[in-house]
Every structure is written in structure tokens, then in C-alpha cells.
Amino acid sequence: MVTTNRAETILEELEQADTLELLYKVTYRMRDVYDVKHVVYYWVNSVGENYGAGTYSPEWAERYVEKGYNKIDPVVLGCFQRFDPVNWKDLDWTPKPVRGFLKDALEHGVGAQGLAIPIRGPSGQYAVLSINDTRDDEEWNAFIRNYKRDFMIIAYEFNKKGLEFEERGADKMLGKLSPRELSALTYLARGLSRVQAAHHMKISEHTLRVYIESARHKLGALNTTHAVARAINSGMIVA
């Protein structure tokens, strides 16, 4: 399949991504190369472990999990039932809980337009690559016509990378956490609030957030709680 120069740029960087942290960086690079609001890659491996890499704000990532939005998110539910790319506007956003979810998402910087590409792996793996933006309908439809082929190929390559990570084993794809990142997660694992953790580390809450987000990227975690759990399970920290 023929791709654009933009896709070639992303595919080259994907080829070099051998850790979850680098996979995160590819999503940010893809966001900038295609000039969209957000890019997110989420996958579940053959034993049900969840991983994510994307450009959504940490506040939205935390809120999404806290509210259990995955149970009503039309994109998630729609992709489970389909194999072809899904334009978000083709999904059912009419139920009242879904409208509330959409309103919350927009208030947290998520665009109303989106294209989700579901992918299935050979042993029950499931993944979705989502491209999100704020273009109007006409601009978005033209954008999708121009780049859908790119996104399908890139989604396939993202999934190849996820399968490669699984084959190599989780420990080999996790980035090495710095001492400050380890301290931040350790304090949270022990039940301290962010305010308390920042106080113990003698840093601002903003700096603490930077450490937490960096650790989350290195661990391929969906939110802070997920990052703490993954750090504990991998033996990086002891609560």
C-alpha cells in the first residue's frame, strides 16, 4: 500500500521504538506530524494485560478510569464489534450517559472528531489506534480521505510493535525509572496523597506530576494507579 511522506516519518520512528517510553514519543510525534489534537494507541495482550501510549492529558486519563467511562464509551464498544476503521461520528452518542461522557471529554481537551482503527492479534490480542481532532465535519472528512490509508498501515505497525513487546517479555520493554520517579511512585503506593508525596520529596506538586507522568510513559500505564501497580508487580518498588 502506498503511504504519504508523513506516514514514512512515523513508520521509521516506530521501527526504532524498543521501549514503551519510545512508543509514547511516537504518539506525540504522530500528533504533530499530522497536526491533530490527540493520538492514542491502546492494547490488551494475550493474557489480558492493558497497555497504553498516547497524548491525552493526565487529568483526562485519570478521570476516564475513575469514572469507568470504558463501560459506556461508544468508541471502545464500537471497536469491539468491528474490524474496519470507525469514524466517531458514525457511532451512537445519543444516550444521556454518553452525552455526559462526551461533554466531560470535550471539557478535558478531547476533540469531537475521531477515527478509531481496531486491530486483532493472533492469540486474542486486541488493540485500537485513535486519531482525534477538532476540525469541522467537512475538513475532517477530507482529512480522513487523505490519510486513512496512512493510519491503517501505522495501526498495523503499532500492533506489530505491541506483539513484539509481548514476545520479548514485559521487563524488557519497560523503561528504567529514575530515582526520583521511583520515589514518587513509592510514596503513592504507600497511600500518601500527591501533596504529601511532594512534601516528603521537597518538591512542588507540579514537579511531582512531571515525575509521575514520565514514569507512566516508561511503564506504558493508562493512569497513575496503573503505573504504581505495574511498578510493584515488576519489582521496581516495594510498597
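Let's start with β1 and strand β2 (residues 50-54): they run antiparallel and are joined by five bridges. On terms, strands (E, at least two residues) and helices (H or I, at least four) are DSSP runs numbered from the N terminus, and two strands count as paired if DSSP finds at least two bridges between them. Quick housekeeping: this is a predicted model, where local features need pLDDT of at least 70, side-chain atom pairs count only at pLDDT 80 or more, and totals for chains, interfaces and linings use all residues. Residues are numbered from 1 along each chain as its sequence is written, and side-chain values use heavy atoms, with hydrogens and water left out.

Back to β1, residues 38-44. Six of its seven residues are buried, meaning under 20% relative accessible area with a 1.4 Å probe, protein chains only. Strand β5 (residues 126-133) pairs with β1 too, antiparallel, over seven bridges. So where does V44 sit in all this? Its bridge partner in β5 is Y126, and in β2 V44 stands opposite N50.

Zooming out, the open sheet has five strands, ordered β2-β1-β5-β4-β3, with antiparallel pairing. At the edges you find β2 and β3 (86-87), each pairing on one side only. Strand β4 (residues 113-120) is antiparallel to β5 over eight bridges, and there I117 stands opposite L129 of β5. Packed on the sheet is helix α6 (residues 137-168), which touches β1, β3, β4 and β5; contact here is heavy atoms within 4.5 Å. The direction of α6 makes about 30° with that of β4.

Now the helix pairs. The axes of α3 (residues 58-66) and α5 (residues 96-107) come within 10 Å and cross at roughly 160°; axes are lines fitted to C-alpha atoms, for helices over the stretch in contact, with angles from 0 to 180 degrees between N-to-C directions. That makes α3 roughly antiparallel to α5, the label for angles over 145 degrees. On the α3 side we have W60, R63 and Y64, meeting F101, D104 and A105 in α5.

The other pair is α8 (residues 179-189) with α11 (residues 224-233): axes within 10 Å again, crossing at roughly 100°. That makes these two, α8 and α11, roughly perpendicular, which covers 65 to 115 degrees. From α8, the contact takes L185, L188 and A189, and from α11, T224, A227, V228, A231 and I232.

Technical notes:
Buried means under 20% relative accessible area, exposed over 50%, partly exposed in between (1.4 Å probe, protein chains only). Angles under 35 degrees count as roughly parallel, over 145 as roughly antiparallel, 65 to 115 as roughly perpendicular and the rest as oblique.
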